[in-house]
Amino acid sequence: MFQSPESGAQPPTVSLDLSPRSEKVRIAVYGSLLGCDRIIKTLHILHFAEPNDWTDPLPTGRSNEWVRMVTKHLLIE
């Protein structure tokens, strides 16, 4: 329902703040211990993340499946 300006209601505002901000993004790798290790080493060669930045392997509850995660900090512009 449209409200007239006399009703005191303000239209919603949209933020146009274009200043850069930091954001965290978490990446997860699922697979066998060997598979996760191989991907982490490959990503290290590509300068994506240091191997020690990843979490220790955590079991997922599925047979021979583990998860390892890394958090990257991005500058969103």
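Which residue of S3 does Leu58 stand opposite? Leu58 stands opposite Val67 in S3.

The model is predicted, with local features needing pLDDT of at least 70 and side-chain atom pairs pLDDT 80 or more, while totals for chains, interfaces and linings use all residues. Residues are numbered from 1 along each chain as its sequence is written, and side-chain values use heavy atoms, without hydrogens and water.

Strands are DSSP runs of E with at least two residues, numbered from the N terminus, and two of them pair if DSSP finds at least two bridges between them. The pairings are as follows.

| Strands | Sense | Bridges |
|---|---|---|
| S1 (residues 21–31) and S3 (residues 66–76) | antiparallel | eleven |
| S2 (residues 58–59) and S3 | antiparallel | two |

The three strands make an open sheet in the order S1-S3-S2. S1 and S2 are at the edges with a single partner strand each, so one side of each has no neighbour in the sheet. Val29 has Arg68 in S3 as its bridge partner, and Pro59 stands opposite Trp66 in S3.

S2 and S3 form a hairpin with six residues between them. In the turn, Gly61 has a positive phi of about 100°.

Glu65 lies in the loop between S2 and S3. Glu65 is buried and has no salt bridge; Arg62, the nearest side chain of opposite charge, is 4.1 Å away. Buried means under 20% relative accessible area (1.4 Å probe, protein chains only). A salt bridge requires a side-chain nitrogen of Lys or Arg within 4 Å of a carboxyl oxygen of Asp or Glu. For charge, Lys and Arg count as positive and Asp and Glu as negative, with His and the chain ends not counted. Leaving out residues up to four places away in sequence, Glu65 touches Tyr30, Gly31, Leu58, Pro59 and Thr60, where contact means heavy atoms within 4.5 Å.

Terms used:
Helix = DSSP H or I, 4+ residues; strand = E, 2+ residues; numbered from the N terminus. Buried < 20%, exposed > 50% of the residue type's maximum accessible area, 1.4 Å probe, protein only.
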